[in-house]
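Here are my notes for your first look at this structure. Keep the viewer open while you read.

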Amino acid sequence: MQTKKESPSLSYVPPNPSYASLVRASKTCEACDLYKNATQTVFGEGPTRAPMVFVGEQPGDQEDRQGHPFVGPAGRVLDAALVEAGIPRDQVYVTNAVKHFKWEPRGKRRIHSKPNAAEIFACHGWLEAELALVKPDVVVCLGATAAQAFLGRTFKITQSRGQLLDGAPWAPKVLATYHPSALLRMMQDPEAYEKAKSEFEADLRTAASVVTFANASRPAKASTESRPRAVPTSTTAASRGRPRRPAAR
Ligand code: SF4
């Protein structure tokens, strides 16, 4: 991604942020309109230094109510797949490209509404601040929204799903796969569901193959690769303790 302008949410990110100060500051964010209809900001959670970060699209209904990411039905699908892939849930950081729940009413229900490009870009500052803090070895993008936030709007998950890619800012490797919600939607077609579930778990294993978890029962293969970070050479924000500048998409 090429840096052209700064994500509006970066103006809310404190200098030299700790995780706690990021969470605190994110609660005041009004960088786009999504805060107006949501219950609360749902910030990422997990170890503040984690080898693997999962990025979804946005909080769902349950996440919005509870204030935690991936605690609803999609979170349970992710948790089960992590177990299958031998990835310790307590050693990964989970977050979303957008931190407020975007929804529309349908009767008494709140139905997920896909965030638009401006909202995703507005929220990108928080994502970058998280990644600058957590410093993962691999970012797993769950679904097209997260993948396009990292890899550009032309990225096609149908073409490049499950591939470990180089050159993404803020992590040496990035891999895009299904969003767990997509698996949930496939459950009415058992054959399609089983195929996608198997591919999803295989993708997670691929991502885990470049990291090492502490005391994992099935440790992932350690990477022998160096960690070149494809970051804009024009900024020294990270060295000043601020997250690197976001890229316009
Ligand atoms: S969605 Fe992101 S940018 Fe928009 S108000 Fe919420 S935290 Fe701020």
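1. Some housekeeping first. This is a predicted model, where local features need pLDDT of at least 70, side-chain atom pairs count only at pLDDT 80 or more, and totals for chains, interfaces and linings use all residues. Residues are numbered from 1 along each chain as its sequence is written.

2. Start at the ligand. It is surrounded by 16 residues, and the closest are Cys29, Ala31, Cys32, His100 and Cys123; a residue is near a molecule when its C-beta atom, placed from the backbone, lies within 6 Å of it. By type, the shell splits into 9 nonpolar, 4 polar and 3 charged residues. Here Ala, Val, Leu, Ile, Met, Phe, Trp, Tyr, Cys and Pro count as nonpolar, Asp, Glu, Lys and Arg as charged, and the others, Gly among them, as polar.

3. Which helix gives the most to that shell? That would be α4 (residues 117–134), with 4 residues. Helices (H or I, at least four residues) and strands (E, at least two) are DSSP runs, numbered from the N terminus.

4. Now look at β5, residues 138–142. This strand is largely enclosed by the rest of the structure, because 5 of its 5 residues are buried. Buried means that 20 or more other C-beta atoms lie within 10 Å of a residue's own, exposed means 12 or fewer, and partly exposed is in between, with C-beta atoms placed from the backbone. In a regular strand the side chains alternate between the two faces of the sheet. Both faces of β5 are covered: Val138, Val140 and Leu142 are buried on one side, Val139 and Cys141 on the other.

5. What does β5 pair with? One partner is β1 (residues 52–56), in the parallel sense over 4 bridges, with Val55 opposite Cys141. Another is β7 (residues 173–177), also parallel, over 5 bridges, and there Cys141 stands opposite Ala176. Two strands pair if DSSP finds at least two bridges between them.

6. Strand β2 (residues 92–96) has 5 of its 5 residues buried, so β2 is largely enclosed by the rest of the structure. Val92, Val94 and Asn96 cover one face, and Tyr93 and Thr95 the other. β2 pairs with β1 in the parallel sense over 5 bridges, and Gly56 stands opposite Asn96.

7. Asn16, in the segment before α1 (19–26), has a positive phi near 45° without being a glycine. Buried or exposed? Asn16 is exposed, with 8 other C-beta atoms within 10 Å, whereas Phe70 is buried, with 27.
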